[in-house]
Amino acid sequence: MFSVAPHELWRGIRTTVRSDVFGGALLLLATAAALILANSPAAGWYASLRDLTFGIPELHLELSLGAWAADGLLAIFFFVVGLELKEEFVSGRLRDPRAAALPIAAAVGGVLVPALFYVLVNLGNPVAMRGWAIPTATDIAFAVAVIAVLGRFLPPALRVFLLTLAIVDDLIAITVIATFYTDTISLPWLTLALLPLAGFGALVQRGVRRWWVLLPLAVATWVCVHASGVHATVAGVLLGLLVPVLPTMRARVHMPDGAYDGLAAHFADRWSPIATLVAVPVFAFFAAGVSIGGVDGLVSALRDPITLGIIAGLVLGKPIGILLTTFALSRVPGIRMDETLRWPDLVGMSFLAGIGFTVSLLVGELAFGQSSIADEHVKIGVLLGSLIAAIIGGLVLGVRNRRARLRG
């Protein structure tokens, strides 16, 4: 009999959960379960579960289970995104502007061109135009998981390029949600949110990491931001960006032994498994359950410019925007692409960036309302577009990986 210490077991679980392949596989499993249930005799049960409503009306928190997943659980995911963004800008890949210029520019191109494709397909339809941002997002969990499986012998710089691009893509998506998908703002609630937010920031700057002190402040911030009309996931990002990456002078005073090394990595280590195991899969389970309605339903969706605009944006707009921007900027003196990267590798990676899932589905709900016909077509467009982009990108990188393995 083998005995494993609890801390060793937890360390192994965290290592597995934080792996790219595991996160992508769990997300895929939740998506498949939602699609099967929504198109089976259990569709009624699935819909009633998703629409089950509970909460506190006085705090604008009487939400369906699906809305709790989108507004509540995704705030955890975006909190982790905020931590990662802070780490990258302070001490990571985005610290050196020259090194980060290409993937940052590629991310911007990968947002603008898909939006342009969607707008061109939906010109003249003001209702459909609300979804212009749907095909602009890259799902980092799926995209990086594909590279982890199919690109083991490809240059490590390719994964770094995709990660940087996806992180900047997340930052743009957060800005878009806060700016374009907030209809009305309650200034009293938004002002009230500053109090717990400031308290949280002051405590983490002093090195406080006790969950029973910080969690109530984080929840209070989330409640106030949600009640203000701004999408509640923005609260998660703001909280994450307040957490220090490097040791602060105040924290050093409280911990003179030098054990404190910044809280961002500590919180990311604690909360990433929760985001991977719970937040994103549960959101996917409730968000991806679209009733296709057989062949007729699929044909009807594919005749909708909303669906076609999303597919065009993800499958064509993403790679075209990323590749054109990278090519143009790489010709600027002083900016060079990593010498280990080859253009065929970037072609495959740019198609993987067209896997838009978590944030794309969220933007679709914000644009057209949950369970509306347009939202159902959004889900079909996101799923089909992501699948096509994943297949093309996977095939290209698979061939490249095989050649690299034979050479190696």
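Modeller: This is a predicted model. Strand S1 (residues 53–56) pairs with strand S2 (residues 61–64) in the antiparallel sense, over four bridges.

Colleague: How many residues sit between S1 and S2 in the hairpin?

Modeller: There are four residues between them. In the turn, histidine 60 has a positive phi of about 60 degrees.

Colleague: And which residue in S2 is the bridge partner of phenylalanine 54?

Modeller: Leucine 63 is the partner of phenylalanine 54. Glutamate 62 in S2 stands opposite glycine 55.

Colleague: On to helices. Where does H5 bend?

Modeller: The bend in H5 is at proline 103, and amounts to about 25 degrees.

Colleague: What span should H5 have, and how far apart are its ends?

Modeller: Helix H5 (residues 97–121) has 25 residues, so at 1.5 Å a residue the span should be 36 Å. The end C-alpha atoms of H5 are 35 Å apart, which agrees.

Colleague: Next, H13 and H17. At what angle do they pack?

Modeller: Helix H13 (residues 294–302) packs against helix H17 (residues 373–407) at an angle of about 90 degrees, and their axes are 10 Å apart. Angles of 65 to 115 degrees count as roughly perpendicular, and H13 and H17 are therefore roughly perpendicular to each other.

Colleague: Which residues meet there?

Modeller: From H13, Leu298, Ser300, Ala301 and Leu302; from H17, His377, Ile380 and Leu384.

Colleague: How many of those are nonpolar, polar or charged?

Modeller: The contact of H13 with H17 has five nonpolar residues, two polar and no charged ones.

Methods:
Residues are numbered from 1 along each chain as its sequence is written. This is a predicted model: local features need pLDDT of at least 70, side-chain atom pairs count only at pLDDT 80 or more; totals for chains, interfaces and linings use all residues. Side-chain values use heavy atoms; hydrogens and water are left out. Axes are lines fitted to C-alpha atoms, for helices over the stretch in contact, and angles run from 0 to 180 degrees between N-to-C directions. Helices (H or I, at least four residues) and strands (E, at least two) are DSSP runs, numbered from the N terminus. Angles under 35 degrees count as roughly parallel, over 145 as roughly antiparallel, 65 to 115 as roughly perpendicular and the rest as oblique. Contact means heavy atoms within 4.5 Å. Ala, Val, Leu, Ile, Met, Phe, Trp, Tyr, Cys and Pro count as nonpolar, Asp, Glu, Lys and Arg as charged, and the others, Gly among them, as polar. The expected span of a helix is 1.5 Å times one less than its number of residues. The bend at a residue is the angle between axes fitted to the seven residues ending there and the seven starting there. Two strands pair if DSSP finds at least two bridges between them.
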